Amino acid sequence: MSLSRFAVPVYQGLVRRLHELTTVFFELTHDCNLRCLHCGSDCARDPGAPRLARDTVVRVLREVKAHRDSHEVLVIFSGGEPLCHPELFELGADVTALEFPWGMVTNGYALSADKLRRAKAAGLRSITVSLDGLADAHDWLRGREGSHERAVAALSMLVADPFYGAMDVVTCVNKRNLRQLRQTRDLLVGLGVKDWRLFTISPIGRAPGHADLFLSRAEYGELLESLRAMRQEGGLHVALSESGYLGCRNELEVRDQYFFCRAGINVAGVMVNGDILACPNIDRRFAQGNVHRDSFIDVWEHRYEVFRDRSWMRTGDCRGCGEWRHCQGNSFHLWDLDTGRTKLCHCHEYGLI
């Protein structure tokens, strides 16, 4: 183990103590134009789905701006599908007026040339588009025929536009698209995409009901080998997202930095009902307050200890684990409040240590 590896827990401990807010997610709506098998929020095509009001977002950001340099805090709109929110572009303009950079996570289905123009006019700084393999695997996972074609069209528009510099692609790796990764890479390279993030699907939301979503131990090893090879090739920057701790010998081979779940440490989230959480995928029972009755900044400064001191999570299999200093109970969205343990330990499930 390198000296830098020994220093990582020290650095992460300092970051936890400082807990500087750098990213705020707003779950704008549960309305969505797809019906993904792995959705963590049970979103669906429903114009009557709940939405986060524009004035609520603006009020929260004004409070953040009074305590932090707005230029240093990234605002991300998620959902559901943010393009289904009727005031997305007006919201974007509000965020830009408050001098926050903002971006969105989209499935690309509804991204037209006009909507891209409006998003750019509203100050859009970054965009993440989902592409989950070739057409068969993507449309199966996303629950709508033609969704792959729409996502590719969205990527083509973004690459052709000077705005492209702040765009990346994410892929949810599962049994159906694992062996399409090479072809997917070639497709992205052909489109001119420069940044690609992969992640495996977590056993949350709708996902546990679909066995095809989860890789076996051998398949996970195959994924890591593919990542190692693709990272050596160049032409497209590819990395595994921080969806789980992989053990020290794997970390920097498949991602750009050591695993560090920053939920509640540098990242906050406001859910569609106003709940103040840490990221959209975490169990909603971990809400630390609600923006309709609480000060967002007061909650951030004084009620997030459950995320910043994880000693309470060192139970069960984690109690005697030698990887605890680096893992800290794995990604927070995997914690199961009902059982008092992580839903998935990558190191043990996939034989990584």
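Guide: A crossing is left-handed if the near helix is turned anticlockwise from the far one by less than a right angle, and right-handed if clockwise. The model is predicted, so local features need pLDDT of at least 70 and side-chain atom pairs count only at pLDDT 80 or more, while totals for chains, interfaces and linings use all residues. Residues are numbered from 1 along each chain as its sequence is written, and side-chain values use heavy atoms, with hydrogens and water left out.

Visitor: Is the crossing of helix 7 and helix 8 left-handed or right-handed?

Guide: Helix 7 (residues 181–191) packs with helix 8 (residues 217–233) at an angle of about 30°, their axes lying 11 Å apart. Helix 7 is therefore roughly parallel to helix 8, a term for angles under 35 degrees. Their crossing is right-handed.

Visitor: Which residues of helix 8 make the contact with helix 7?

Guide: Contact here means heavy atoms within 4.5 Å. Helix 7 contributes Leu181, Arg182 and Arg185, and from helix 8 come Leu223, Met230 and Glu233.

Visitor: Which strands stand at the edges of the sheet?

Guide: Ten strands form an open sheet with mixed pairing, in the order 7-6-5-4-3-2-1-8-9-10. Two of these strands each have a single partner strand, so one side of each is left without a neighbour in the sheet: strand 7 (237–240) and strand 10 (289–290).

Visitor: In strand 5, which residue is the bridge partner of valine 129?

Guide: Strand 4 (residues 124–130) and strand 5 (residues 167–173) pair in the parallel sense over four bridges, where pairing requires that DSSP finds at least two. Serine 130 stands opposite valine 170 in strand 5. The bridge partner of valine 129 is valine 169.

Visitor: In strand 6, what is the bridge partner of valine 173?

Guide: Strand 5 and strand 6 run parallel and are joined by five bridges. Helix 7 packs on the sheet by touching both strand 5 and strand 6 (195–200), and its direction makes about 155° with that of strand 6. Within strand 6, valine 173 has as its bridge partner threonine 200.

Visitor: Which residues point the other way from Met167, Val169, Thr171 and Val173 in strand 5?

Guide: In a regular strand, side chains alternate between the two faces of the sheet. Strand 5 is mostly covered, with seven of its seven residues buried, meaning under 20% relative accessible area (1.4 Å probe, protein chains only). Met167, Val169, Thr171 and Val173 point one way, and pointing the other way are Asp168, Val170 and Cys172.

How values were computed: Axes fitted to C-alpha atoms, helices over the stretch in contact; angles between N-to-C directions. Helix = DSSP H or I, 4+ residues; strand = E, 2+ residues; numbered from the N terminus. Parallel < 35°, antiparallel > 145°, perpendicular 65-115°, else oblique. Buried < 20%, exposed > 50% of the residue type's maximum accessible area, 1.4 Å probe, protein only.
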